[in-house]
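The sequence and structure come first.

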Amino acid sequence: MRTFYLVLSFVVSGIALYGQPINDNCNTAFHIANTDTWCSDPGAYTNVNATPFIGTPPTNPCFLDLTNEVWFTFIPQTPAIYFRVSGMVNGLGTLRNPAIAVFDGSCTNLNRVGCNIVSSTTNQVELSVTNLVIGQVYYLLVEGQNNFSGTFQICVEGFIPPPIPQSDCGTAVILCDKSEFVIDTILGVGIQDPDV
């Protein structure tokens, strides 16, 4: 009988340890430090046992369910970032139908910057957001639509967006030109010998 209680206590302890993810709430979001070019390990993150969003709903939530979301923060180093969240695809995770959104503001006053919801069964979602303020804190939300949960991989790539084409000659976008430029100083010597 004592063995039964001992086994039961281990089972109950194991269930208690398998609780909600740490980044279940906006206030406890994981920070993504590298926004230049980075991918997490496959299945590194999960929304298993994530709880519904509490608090003031974000402005324009983009038809997100907000029932099993997990949160991340990032500080852009470029004015645009490409995100890819991969769930049940090529062994990168187990999450089906992921959805993502980017917000600015604070956890009590979130404003949508961009979002994307998977409308098929690709189990991978991509989002590019532009006009980001370098050095400002932003929030990335990942959820499984239709209450799906599982593990996933996040990939991030910062970039400088191309100029937006214009329809009038006077406001045309310059793609390249032969303008002069000045380099203030060059420090050190080069590797290649100029006499070779």
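The sections below take the disulfides one by one.

## Overview

The model is predicted. A disulfide is a covalent bond between the sulfur atoms of two cysteines. The count here comes to three disulfides. With bonded cysteines counted along the chain, the pairing pattern is 1-4, 2-6, 3-5.

## Cysteine 26 and cysteine 107

The sulfur atoms of cysteine 26 and cysteine 107 are 2.1 Å apart. This pair links distant parts of the chain, 81 residues apart. Cysteine 26 sits in the loop between helix H1 and strand S1, and cysteine 107 in the loop between strand S6 and strand S7.

The torsion about the S-S bond is about -80°, so this disulfide is left-handed. Cysteine 26 is buried at 7% relative accessibility, and cysteine 107 is buried at 15%.

## Cysteine 39 and cysteine 155

Cysteine 39 is joined to cysteine 155, with an S to S distance of 2.0 Å. Cysteine 39 belongs to strand S2 and cysteine 155 to strand S10, so the bond ties together parts 116 residues apart in sequence.

Here the torsion is about 115°, so the disulfide is right-handed. Cysteine 39 is partly exposed at 41%, whereas cysteine 155 is buried at 4%.

## Cysteine 62 and cysteine 115

The disulfide of cysteine 62 and cysteine 115 has an S to S distance of 1.8 Å. The link is right-handed, with 90° about the S-S bond. Cysteine 62 lies in the loop between strand S3 and strand S4, and cysteine 115 in strand S7, so parts 53 residues apart in sequence are tied together.

Cysteine 62 has 18% relative accessibility and cysteine 115 has 16%; cysteine 62 counts as buried, and cysteine 115 counts as buried too.

Notes: Residues are numbered from 1 along each chain as its sequence is written. This is a predicted model: local features need pLDDT of at least 70, side-chain atom pairs count only at pLDDT 80 or more; totals for chains, interfaces and linings use all residues. Side-chain values use heavy atoms; hydrogens and water are left out. A disulfide is a pair of cysteine sulfur atoms within 2.5 Å. Helices (H or I, at least four residues) and strands (E, at least two) are DSSP runs, numbered from the N terminus. Buried means under 20% relative accessible area, exposed over 50%, partly exposed in between (1.4 Å probe, protein chains only).
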